[in-house]
Structures are given as C-alpha cells and as structure tokens.
Amino acid sequence: MKRRPEPVQVVKSRRDAALDQLVGGVPYIQFLGIRFDRRGDELTGVLPFAETHIGNPMLPAIHGGVTAAFLEVTAIIELSWSAMWGEIEAGEADIAKRGLPKTIDFTVDYLRSGLPRDAYARARVNRSGRRYASVHVEAWQDNRSRLFAQATGHFLMPVRNG
C-alpha cells in the first residue's frame with residue numbers, strides 16, 4: 001500500500017519543531033543570541049549584533065571568542081541536523097535521547113575583524129561516520145564571498161542506542 005504524501009505544512013512544522021528542540025537544548029546558544037534560518041535541509045547560523053559581543057571597543061570588533069563560539073555552534077548544529085535528517089523526515093527524531101557531537105579539536109582562522117553588525121555562518125560536513133565527523137564552517141557579514149573567519153573541526157559522534 002502506498003503512503004500518501006504528508007501536507008507541506010506538516011513536514012515544515014515537523015522540521016521547524018526538530019530544529020527548535022535541537023537549538024533550544026543548548027543554553028549557550030540562547031546566551032549568545034544565535035539563531036538558525038532553515039531552507040529545506042540547509043541551515044544558516046545568524047549571530048545578531050550585540051554590544052556585549054565587542055571585544056575591542058577601539059576598533060570596534062567582535063571578540064575572537066564570540067566568533068569561535070559562533071563557528072563551533074554552527075558546526076555542531078549542522079552536523080547534528082544532517083545526521084538526524086532521515087529520522088526527522090520519518091517523524092522519528094528524538095533529539096533529547098540522541099545527544100550532541102563532542103568537539104575533539106577546532107581550529108579557527110581569523111581572516112579579518114568582525115565588524116559591529118550581524119554575522120552569518122554555514123557549515124559543510126566533510127565526513128560523517130558512526131563515531132567521527134569532520135566539518136568546515138565559514139562566517140561572513142555583508143558579502144558571502146568576503147569571509148571574516150573560517151574553521152575546521154573534528155567531532156566525536158554520540159553513541160546511538162538501538
């Protein structure tokens with residue numbers, strides 16, 4: 001027997017609910033004010049400008065720790081999102097039981113100062129296996145081709161029960 005396709009709104013709300021649950025489970029994401037825009041299976045991290053993000057008020061420039069945290073959070077959320085995509089589409093994703101990937105190492109390249117404005121980031125999963133994953137992430141502000149930071153990280157994937 002053929003399965004009837006689900007209404008678009010049901011699929012959209014299921015995806016949005018899964019993303020909200022994934023992001024909502026990390027208090028540091030709320031502390032920094034990071035949010036994620038979703039278009040299908042593609043996520044863009046958004047770091048809205050806040051005065052508290054400024055590290056050097058003389059320039060002014062976004063603090064390097066805030067930049068690194070934004071890149072790492074974007075990498076972890078993208079990695080989790082892509083690993084769970086099949087479960088989300090099947091309506092079987094249980095984010096609370098799954099857990100998040102753990103950072104093994106994370107290397108940031110600061111290409112220029114982050115200006116006092118909103119920043120955006122996208123991550124690309126280079127390799128994802130049962131136990132290990134590698135992710136590259138890029139951040140920009142006004143122009144996607146003019147990056148202000150990029151990073152590469154390696155992560156230990158959560159153990160799957162079942």
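Trainee: Okay, F31 then. Is F31 buried or exposed?
Mentor: F31 is exposed, because its relative accessible area is 67% and the cut-off for exposed is over 50%. Keep in mind that this is a predicted model.

Trainee: Which residue does F31 form an aromatic pair with?
Mentor: With Y28. The two rings are stacked, at 6.0 Å centre to centre and with 15 degrees between the planes.

Trainee: How accessible is Y28?
Mentor: Y28 comes out at 40% relative accessibility, so it counts as partly exposed.

Trainee: How many aromatic pairs does the structure hold?
Mentor: Three.

Trainee: Switching topic: what lies over the face of W140?
Mentor: That's R144, 4.6 Å from the ring centre.

Trainee: What about the surface, which residues make the nonpolar patch?
Mentor: I104, Y132 and L156 make a patch of about 250 Å². Y132 is in strand β7, residues 132–140. With 32% relative accessibility, Y132 counts as partly exposed.

Trainee: Why does Y132 count as partly exposed?
Mentor: Because its 32% falls in between the two cut-offs, under 20% for buried and over 50% for exposed.

Trainee: Now something from the inside. Is T67 buried or exposed?
Mentor: T67 is buried, with a relative accessible area of 4%. You'll find T67 in helix α3, residues 64–90.

Trainee: What is T67 in contact with, leaving aside its neighbours within four places in sequence?
Mentor: I62, Y110, F148 and A149.

Trainee: Let's zoom out. How many helices and strands does the protein chain have?
Mentor: Four helices and eight strands. Read along the sequence, the pattern is α-α-β-β-β-β-α-α-β-β-β-β.

Trainee: And how much of the chain is made up of buried residues?
Mentor: They account for 40% of the 162 residues. The chain exposes about 9500 Å², with 52% of that supplied by carbon and sulfur atoms.

Trainee: Last one: what share of the contacts with a separation of 6 or more comes from residues 24 or more positions apart?
Mentor: For the protein chain that share is 63%.

Notes: Residues numbered from 1 in each chain as written. Predicted model: local features only at pLDDT ≥ 70, side-chain atom pairs only at ≥ 80, totals over all residues. Heavy atoms only, no water. Patch = residues over 30% accessible without salt bridge, like charges linked within 9 Å, V, L, I, M, F, W, Y side chains within 5 Å. Areas by Shrake-Rupley, 256 points an atom, 1.4 Å probe, with all protein chains shown as cover. Salt bridge = Lys/Arg side-chain N within 4 Å of Asp/Glu carboxyl O. Helix = DSSP H or I, 4+ residues; strand = E, 2+ residues; numbered from the N terminus. Buried < 20%, exposed > 50% of the residue type's maximum accessible area, 1.4 Å probe, protein only. Contact = heavy atoms within 4.5 Å. Phe/Tyr/Trp six-rings, centres within 6.5 Å; stacked < 30°, edge-to-face > 60°. Lys NZ or Arg CZ within 6 Å of the ring centre and 35° of its normal.
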